[in-house]
Structure formats: C-alpha cells, structure tokens
Amino acid sequence: MDELTQPAGLVALGAGGVALIAFVLALVLAFRIRRLRADQRAVLGPSGREDLVAHASSLQQAFQALHQQVEEMAERLDGRVAAAEERLDGAIAYRALVRYDAYGELSGHQSASLALLDAAGNGVVLSSITHRETARLYCKQVVEGHGEHLLSPEEDEAIRLALAGERSTVVLED
C-alpha cells in the first residue's frame with residue numbers, strides 16, 4: 001500500500017481513473033453510434049452505404065424526374081381534355097319537343113316539331129306534319145338559335161324551349 005502513496009503509485013491510480021472514465025465514455029459513444037446507425041438505416045434503407053448528402057441528392061434527382069413526368073402527363077391530359085371539349089361543343093346539348101294538331105282536325109296532337117341544338121345554338125329542327133292520309137317530314141337548319149329558312153310558330157317554340165333548357169314535351173293547344 002505504501003507504493004500507492006508514492007508519486008509513481010499516484011500516477012498509476014490517476015491513469016487507472018482516466019482509463020475507467022475513458023472506458024465509460026467509449027461505451028456511451030458506442031451506444032449513441034449504434035442508435036445513430038439505426039436511424040440512418042431507417043432513412044437510407046437497409047444498405048445504408050451512402051451518406052446523408054448523397055441520399056438527399058438522389059432524392060432530389062428522383063423528385064425532379066417525377067416532377068417532369070407529372071408535367072408531361074398534365075400536358076397530354078390538357079390536350080385530351082381540349083379535344084374532348086371540342087367534340088362536346090358539337091354534341092346535342094339542348095332539345096325540346098312540341099306536339100300540336102297541324103290541321104285542326106286530328107285529335108291526339110299527332111304533328112310534332114323537335115329541336116336538336118348544340119351548345120352554340122346550332123343544329124336542326126325536325127317537323128312531322130301528320131294528316132289523315134299523309135305524313136310529311138321537314139328538316140330546317142338552325143344557326144345560333146335562328147332558322148336559316150322561315151320557321152313555323154311551333155318550330156320557333158321548339159327552339160325557344162330547347163335553348164331555355166326545358167326538356168319536357170309541350171302540347172300546343174289551338
């Protein structure tokens with residue numbers, strides 16, 4: 001024990017204390033590094049070979065590629081929507097049927113005028129005039145809600161009802 005009180009013994013005790021503190025510190029740092037590597041694996045995946053900067057760079061490149069694909073898809077979609085809208089503008093958007101008795105002698109309102117118009121008010125008005133022995137079909141062009149030829153009051157009414165959005169069949173009484 002006398003040797004521990006000597007300067008060489010005190011230095012040995014001090015060195016042992018420093019070694020013990022260094023050992024405890026090394027254990028603490030080893031556990032922290034283990035936890036850091038587990039967190040890094042969670043971010044980088046199971047390989048975890050690259051550093052965070054390289055991983056962030058690869059994520060940025062992947063994001064830019066995805067953004068480019070989304071932009072290209074959006075452009076194609078815009079083109080397809082524009083083409084579909086163009087086709088829809090020419091489709092029948094408004095229609096109305098007016099039934100009436102053209103000659104005042106037949107019951108049941110057998111004559112009819114049917115307006116078929118697109119969104120711009122262009123289309124046709126079809127009129128079927130029914131008599132006891134005959135039936136005639138007339139077709140007149142409609143441009144912007146007005147007939148290119150003189151229209152009967154029933155045809156005018158069919159166009160008016162169609163453009164007003166009324167979809168039911170209307171019976172005109174004389």
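1. In this note, buried means under 20% relative accessible area, exposed over 50%, and partly exposed in between, with a 1.4 Å probe and protein chains only. By that rule Thr130, at 18% relative accessibility, counts as buried. Thr130 lies in strand β3, residues 123–130, and its side chain reaches the backbone oxygen of Gln110 at 3.3 Å. A polar contact is a pair of N or O atoms within 3.5 Å; within protein, one must be able to donate a hydrogen and the other to accept it, and residues adjacent in sequence count only if both atoms are side-chain atoms.

2. The model is predicted: local features need pLDDT of at least 70, side-chain atom pairs count only at pLDDT 80 or more, and totals for chains, interfaces and linings use all residues. Residues are numbered from 1 along each chain as its sequence is written, and side-chain values use heavy atoms, with hydrogens and water left out.

3. On the overall fold, the chain has four helices and six strands. Helices (H or I, at least four residues) and strands (E, at least two) are DSSP runs numbered from the N terminus. Read from that end, the order of elements is α-α-α-β-β-β-β-β-α-β. Of the 174 residues of the chain, 19% count as buried. Contact means heavy atoms within 4.5 Å; among contacts between residues at least 6 apart in sequence, 41% join residues at least 24 apart.

4. The largest nonpolar core has 13 residues, and those with the most contacts inside it are Val98, Ala115, Leu117, Val125, Val142, Ile159 and Ala162. β1 (94–100), β2, β3 and α4 each supply at least two residues of this core, and α4 gives the most, with four residues. Such a core is a set of buried Ala, Val, Leu, Ile, Met, Phe, Trp, Tyr and Cys residues joined through side-chain atoms within 4.5 Å. Ala115 touches, among others, Tyr94, Val125, Ile159 and Ala162, not counting residues up to four places away in sequence.

5. Gly165 follows α4 and has a positive phi, near 85°.

6. How many salt bridges does a search of the whole structure find? The search finds two, where a salt bridge is a side-chain nitrogen of Lys or Arg within 4 Å of a carboxyl oxygen of Asp or Glu. In one, Lys140 pairs with Glu155, the closest N and O atoms being 3.0 Å apart. This pair links distant parts of the chain, with Lys140 in strand β4 (residues 135–143) and Glu155 in helix α4 (residues 153–164), 15 residues apart. Lys140 is buried at a relative accessible area of 17%, and Glu155 is buried at 3%.

7. The other salt bridge joins Glu157 and Arg160, with the closest N and O atoms 2.8 Å apart. Both residues lie in helix α4, three residues apart, about one turn of the helix. Arg160 is partly exposed, with a relative accessible area of 44%.

8. Asp118 may interest the reader. This residue sits in the loop between β2 (111–117) and β3. Asp118 is buried yet has no salt bridge, and the nearest side chain of opposite charge, Arg95, is 13 Å away; Lys and Arg count as positive and Asp and Glu as negative, while His and the chain ends are not counted. Leaving out residues up to four places away in sequence, Asp118 touches Asp89, Gly90, Ala91, Ala93 and Tyr94.

9. A last point concerns Glu144, in the loop between β4 and β5 (146–147). Although Glu144 is not a glycine, its phi is positive, about 50°. Glu144 is exposed, with a relative accessible area of 59%.
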